[in-house]
Amino acid sequence: MNLYNKTLSALLVLLLTVSCSKDKSSQPEEIYSSNKELLSVILVYDEIDFSTSITNTQVVNNKLFPFLAQQVKIKTFQISSGASVNINKGQILDINKSPFKVTIIAEDGSTRDYELKITKNEGLKIEPRSNIELGSSYTLQSSDVYVDGAQLTKDFDRFHISAYADFNNDGKTDVLLSSGLFKSFAFSPISLYLGNGTGVNSDYCECGGGCSGFVCNSFTKLTNALPDGYIGMQHPRKILAGDFNGDNKMDAFIIGHGYDATPFPGESPVLLINNGSGFNYKKLNSVSGFFHGGSSADFDNDGDLDIFLVGAPSDYKAIFLINDGSGNFTQTSEFIDEEFHRGFNYYTSEFIDINSDGFIDLLVAGHEHEGAITYILWGNSSGKYYKDLSTALPQVSGYNIVVDIDATDIDNDGDKDILLNRVDSNSFYENYYIQIIENKGNNNFSDITTTSITKNSGSNWYLWLHLQDLNNDGKIDIYLETDHKKNLKWYNNGAGNFSQ
């Protein structure tokens with residue numbers, strides 16, 4: 001190649017290089033966004049939407065999820081245009097694993113982390129307590145002596161509801177009686193009888209001593225136990241003994257339902273505060289209903305005894321009376337599912353820590369044949385009792401009315417077994433039936449009645465079931481008690497088998 005041709009070739013290469021360089025520089029550069037914002041998140045639980053608020057990098061739900069909620073779903077979210085995120089629509093989130101890291105990835109690859117914190121209604125945030133039953137109606141429902149109220153008062157026209165406690169702090173058991181007349185609007189008296197410590201239980205007299213001529217020598221009536229002009233009860237059903245104002249003296253709360261026929265108007269309970277020489281009297285006029293039963297315990301673990309009332313056909317069939325520590329009570333229905341205070345016919349209850357977890361459980365029962373299933377409503381840190389946190393107890397055909405509840409370890413295996421005092425639902429309150437339910441652990445229960453007790457049914461019905469050692473052999477026995485009937489006893493052989 002001559003010099004001319006070489007020079008021409010070189011010029012051509014140079015021109016091509018410059019031309020290509022100009023073409024490349026003339027093309028615009030692609031720009032990637034750095035936007036990485038989480039704009040909104042909507043969660044859903046039980047088909048209800050829960051919106052959230054986003055502040056800086058913190059994401060929280062605006063409305064608390066229910067206490068029992070365990071999982072929620074991401075319904076939808078919005079992020080910056082062109083960005084991506086590490087969560088998906090429809091994704092299930094376990095609340096117990098909250099908070100969650102949400103990472104937004106911008107187009108340019110940069111990231112921003114958000115914290116999604118899911119919160120639920122924790123209620124009272126109660127801490128468990130090993131002695132949560134202390135001072136409760138459950139711990140005070142048994143006595144070393146039982147009295148026939150009719151014989152003690154010599155009043156055979158009225159029925160008599162009793163409570164046993166040391167009301168004058170002398171170390172001896174006394175008896176408080178609230179009397180009534182069936183299907184009457186008349187008010188009947190309330191009486192306190194002080195025991196001298198010599199009372200014993202016979203089979204029928206139950207006067208606690210010499211019963212000749214209906215004289216109960218071991219009890220003396222305190223004549224000025226209540227103030228002048230006090231109003232008694234029309235139809236009392238249960239007396240809760242307990243120290244309701246924290247002064248180390250035994251008080252009493254009398255539950256009644258009033259006139260026992262249409263229109264079932266109900267009546268107000270009576271609070272008796274021990275003043276050392278008798279009782280200060282207070283009728284809770286703001287609390288009125290057809291209350292058959294109730295129980296007391298420090299269910300909210302704040303150091304005082306609260307009260308639960310149950311009955312139908314009251315406007316509110318189940319209510320709590322929250323104690324301020326001085327014996328002043330505020331009525332509420334917020335601590336139990338609506339089904340129990342608006343629904344079925346529940347008539348009896350008891351506070352017992354059945355599973356020994358330090359939270360007081362609430363047992364409710366009544367007319368099973370009318371839909372009132374007997375439940376253990378498990379106590380929990382929220383302080384509220386839920387149907388969805390409960391265990392239903394076995395029913396007994398033909399005996400679908402439960403009138404009393406008690407529990408203790410009858411077979412010495414370390415857990416509380418449950419006994420139910422049932423009555424005939426076909427003949428309606430005519431015959432009794434004792435049911436024994438074994439605690440199998442892990443909130444499982446089994447009806448072992450047929451293999452554990454003989455002659456567990458018969459004529460008449462009994463108000464109260466007591467589990468206690470009746471013959472001082474160290475074994476828990478069974479005692480059925482009511483006013484002015486022959487009370488019944490079954491003795492434990494030590495293996496949880498009972499016979500009369």
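These legends describe close-up views of a predicted model. Local features need pLDDT of at least 70, side-chain atom pairs count only at pLDDT 80 or more, and totals for chains, interfaces and linings use all residues. Residues are numbered from 1 along each chain as its sequence is written, and side-chain values use heavy atoms, without hydrogens and water.

**View A. The cis peptide bond at P99.** S98 and P99 are joined by a cis peptide bond. Its omega is about 5°. P99 sits in the loop between β6 (92–94) and β7 (100–105). Strands (E, at least two residues) and helices (H or I, at least four) are DSSP runs, numbered from the N terminus. Most peptide bonds are trans.

**View B. The cis peptide bond at P263.** The bond from T262 to P263 is cis. Here omega is near 15°. The loop that holds P263 runs between β14 (251–256) and β15 (270–274).

View C. Most residues other than glycine have a negative phi. S356 has a positive phi, near 55°. S356 belongs to the loop between β21 (346–352) and β22 (361–366). K455 also has a positive phi, near 50°. The loop with K455 lies between α4 (449–452) and β29 (457–459). K455 counts as exposed because its relative accessibility is 64%. Exposed means over 50% relative accessible area, with a 1.4 Å probe and protein chains only.

**View D. The largest pocket.** This pocket has a volume of about 700 Å³. A pocket is an open set of points on a 1 Å grid over the protein atoms alone, where a 1.4 Å probe fits, with protein on both sides within 12 Å along at least five of seven lines. Volume is the space filled by probe spheres set on the points, which are joined across faces, edges and corners. The lining has 26 residues; lining residues have an atom within 4 Å of a point. F182, H235, R237, D260 and W461 lie nearest the centre. β9 (159–165) and β13 (236–242) each give two or more residues to the lining. The largest share, three residues, comes from β9. By class, the lining has 14 nonpolar, six polar and six charged residues. Ala, Val, Leu, Ile, Met, Phe, Trp, Tyr, Cys and Pro count as nonpolar, Asp, Glu, Lys and Arg as charged, and the others, Gly among them, as polar.

**View E. The second largest pocket.** Its volume is about 270 Å³. It is lined by 15 residues. Nearest its centre are L134, G135, D243, G303 and L305. The lining has five nonpolar, six polar and four charged residues.

Key: Buried means under 20% relative accessible area, exposed over 50%, partly exposed in between (1.4 Å probe, protein chains only).
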